[in-house]
Amino acid sequence: MMDKPTSKKLEVIIPAFRAHSQTFVMVLDGISEEDAKKRIDGKTNHIIWMVGNFINMRYSLGWVLELKEEDPFSDLFFQGKALDENFIYPTLAQLKESFHKISPLVYQKLLEATDEDLDKDFPMGMGVDFFKEDVLNFVGMCIGREDYLSGQLGLMRKILDYEGMKYNFDKDLKY
């Protein structure tokens, strides 16, 4: 059974958020710490960067919903900050721990958000007439970014000679 959000506007977001949590766990299954740092021909981001950016999206989503949790790795990933080979990035294990800390808290905030919360202006500097810059559309953008990163992670699995992602859903993962 799906949890019911306070706002009907989030009825499509709740299952997407939970599906992304499942995908996050499944797409990283079996990836080694060593492989998580590999780039392809020096052109791609590595898995660590993709995962860090994914988690930073969750923290950003929490912030817009007034959850004052700090991403411990924000300085490396905030707003899709470019990968820098000179930085010391966290391990995949550290990032997974951060993911499991923030995700249930953000999920609860999504369930509690009201229409009034979602209708608040949230300037993003996009400046396009078809996109209202409010909290609801920022939530949607975060979900879209997670989709994008999940696809990249799935492709990296294949490029690094891992088998394709298995859809082994964890019924105990409630966020």
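At 28% relative accessibility, Glu 11 counts as partly exposed, a class that lies between buried (under 20% relative accessible area) and exposed (over 50%), as found with a 1.4 Å probe on protein chains only. The model is predicted, so local features need pLDDT of at least 70 and side-chain atom pairs count only at pLDDT 80 or more, while totals for chains, interfaces and linings use all residues. Residues are numbered from 1 along each chain as its sequence is written, and side-chain values use heavy atoms, with hydrogens and water left out.

**Salt bridges**

Glu 11 forms a salt bridge with Lys 4, the closest N and O atoms being 3.9 Å apart; the term stands for a side-chain nitrogen of Lys or Arg within 4 Å of a carboxyl oxygen of Asp or Glu. Lys 4 is exposed, at 61% relative accessibility, and a network of salt bridges links Lys 4, Lys 8 and Glu 11. Side chains of opposite charge can pair when their charged atoms come close. The structure holds 11 salt bridges, among them the pairs listed here.

| Salt bridge | N to O distance |
|---|---|
| Lys 4 and Glu 11 | 3.9 Å |
| Glu 69 and Lys 101 | 2.9 Å |
| Glu 163 and Lys 166 | 2.8 Å |

The salt bridge between Glu 69 and Lys 101 links distant parts of the chain, 32 residues apart, with Glu 69 in the loop between helix 2 (47-64) and helix 3 (74-77) and Lys 101 in helix 4 (residues 92-112). Helices here are DSSP runs of H or I with at least four residues, numbered from the N terminus. Glu 69 counts as partly exposed at 24% relative accessibility, and Lys 101 is likewise partly exposed, with a relative accessible area of 44%. In the pair of Glu 163 and Lys 166, Glu 163 is exposed at 52%, whereas Lys 166 is partly exposed at 43%.

**A buried glutamate**

Glu 146, placed in helix 6 (residues 135-159), is buried, with a relative accessible area of 0%. Its side chain is joined to that of His 20 by a polar contact of 2.8 Å, that is, a pair of N or O atoms within 3.5 Å in which, within protein, one must be able to donate a hydrogen and the other to accept it, and residues adjacent in sequence count only if both atoms are side-chain atoms. Leaving aside residues up to four places away in sequence, Glu 146 touches His 20, Phe 54, Met 57 and Arg 58, where contact means heavy atoms within 4.5 Å.

Technical notes. Helices (H or I, at least four residues) and strands (E, at least two) are DSSP runs, numbered from the N terminus.
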